[in-house]
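Here is a short briefing on one structure. Take a look at the model, then read on.

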Amino acid sequence: MKKHILVIPGDGIGPEVTTWGKAALEQIADAFGHEFSFDEALMGHASIEVNGNPLPDETLEKAKNSDAILFGAVGHAKYDNDPSLKVRPEQGLLKIRKELGLYANLRPILLFDELLNASSIKPSILKGTDILFFRELTGDVYFGEKTRSEDRNTASDLMIYHKYEVERIAHKAYQAAMQRSKRLCSVDKANVLESSRLWRETVQEIAKLYPEVETEHMFIDNAAMQLIKDPKRFDVVLTANLFGDILTDEASQIAGSMGMLASASVGDGTGFFEPIHGSAHDITGKNLANPLASILSAALMLEIGFGLKEEAKVIIDAVDQVLKEGFRTNDIADGSTNPYKVLGTQEMGKLVLKFISQKVITQNS
Ligand code: NAD
């Protein structure tokens with residue numbers, strides 16, 4: 001298969017971890033005879049420093065002309081400490097999502113058995129959890145009208161949804177449910193919010209087109225509670241932008257660390273694959289960042305972006321092996337981890353590559 005991939009490392013630990021996601025893709029291409037070509041572009045603070053713009057036209061152009069994008073993270077302490085700064089790294093991320101028409105954020109909560117103890121939830125409750133979240137990305141309070149009264153004491157954010165926005169992500173979620181265990185839970189607040197009533201009515205209509213899928217509707221407050229109480233009850237979860245933002249961060253704790261979770265933002269064009277974590281200034285440049293989320297983002301690109309399931313599985317199995325053999329980065333090491341097996345970013349990246357090549361050799365022999 002021939003694919004052109006744009007790498008946007010971004011800021012902070014972005015470049016440190018993206019190196020390994022890209023390296024995993026290169027290795028898979030070599031092993032399976034695919035032709036992946038790569039280009040690189042600036043975004044976020046790194047881009048503001050060079051040309052004053054968090055998303056230059058050149059980056060957008062390259063993004064539109066690629067088959068998939070591997071992204072690191074954007075952000076810098078300078079902007080976190082001064083909310084009044086007008087030009088900001090995250091503007092680049094919001095704009096590229098909009099320009100590429102990325103309306104669905106997919107976040108698989110993939111739990112490796114070896115990390116059961118890294119979560120604050122009891123292992124017996126977690127074991128066997130496998131959830132795929134679909135968070136809507138283009139509507140809701142993020143994009144509705146914002147107001148502030150003249151005296152600055154009253155503010156509002158419009159929570160707005162259009163039917164077509166719900167329909168298109170619902171189709172994607174149902175299609176995924178058909179490939180998995182045919183269970184889908186749609187999360188809303190239809191007892192209170194009109195936009196949620198539109199959401200629920202629309203999902204009910206789409207559900208009729210997928211009669212094999214068992215649909216459940218749940219209020220967000222209950223879903224937040226059930227996710228911790230009994231995460232295994234969920235398979236595909238479909239929800240709006242704000243609820244999804246909160247619920248998926250809550251769910252990240254099921255997997256033990258932000259450093260383990262990948263996500264995909266997709267629409268009808270180029271897909272965008274990234275770790276869920278940010279630029280982590282506190283550990284930047286210290287060889288402490290966990291590269292596994294970026295490596296798993298590469299696996300997600302192969303599976304969801306290119307339909308290369310076997311190749312994606314090789315990466316996931318290599319990560320599983322690293323963990324099974326007791327290797328950890330600092331963020332996922334617990335009190336019982338052998339100190340000699342706590343690795344830096346680079347050592348962890350190299351080890352995953354080594355296991356990928358071993359798996360490919362075993363498969364082919
Ligand atoms: P963060 O995800 O960067 O970090 C939260 C905590 O998790 C930190 O203690 C960090 O050290 C740790 N962490 C994150 N990724 C890790 C990894 N791969 N390995 C080991 N530990 C890891 O979130 P934050 O601290 O709230 O934000 C820092 C900056 O990142 C801010 O400027 C924020 O705006 C930005 N941000 C960007 C994105 C994005 O680009 N998608 C997402 C979230 C935050």
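How do the residues of the shell around the ligand divide into nonpolar, polar and charged? Nine are nonpolar, eight are polar and four are charged. Keep in mind that this is a predicted model. The points below cover the ligand, then the helices.

**Ligand surroundings**

- The ligand is surrounded by 21 residues.
- V74, G278, A280, D282 and N290 are the closest of these.

**Polar contacts and burial**

- V74 takes part through its backbone: a polar atom there is 2.8 Å from an oxygen atom of the ligand.
- S279 also uses its backbone, with an N or O atom 3.0 Å from a ligand oxygen.
- D282 contributes its side chain, where an N or O atom is 2.9 Å from an oxygen atom of the ligand.
- The ligand exposes 800 Å² when taken alone, and the protein buries 68% of that.

**Helices α11 and α12**

- Helix α11 spans residues 292-305, and helix α12 spans residues 309-324.
- Their axes come within 7 Å and cross at roughly 160 degrees.
- Angles over 145 degrees count as roughly antiparallel, so α11 and α12 are roughly antiparallel to each other.
- The crossing of α11 and α12 is left-handed.

**Helices α1 and α12**

- Helix α1 covers residues 14-32.
- The axes of α1 and α12 come within 11 Å and cross at roughly 125 degrees.
- That angle makes α1 oblique to α12.
- The crossing of α1 and α12 is right-handed.

Key:
Residues numbered from 1 in each chain as written. Predicted model: local features only at pLDDT ≥ 70, side-chain atom pairs only at ≥ 80, totals over all residues. Heavy atoms only, no water. Near = heavy atom within 4 Å. Polar contact = N/O pair within 3.5 Å; in protein donor to acceptor, adjacent residues only side chain to side chain. Areas by Shrake-Rupley, 256 points an atom, 1.4 Å probe, with all protein chains shown as cover. Nonpolar A, V, L, I, M, F, W, Y, C, P; charged D, E, K, R; others polar. Axes fitted to C-alpha atoms, helices over the stretch in contact; angles between N-to-C directions. Helix = DSSP H or I, 4+ residues; strand = E, 2+ residues; numbered from the N terminus. Parallel < 35°, antiparallel > 145°, perpendicular 65-115°, else oblique. Left-handed = near helix turned anticlockwise from the far one by under 90°.
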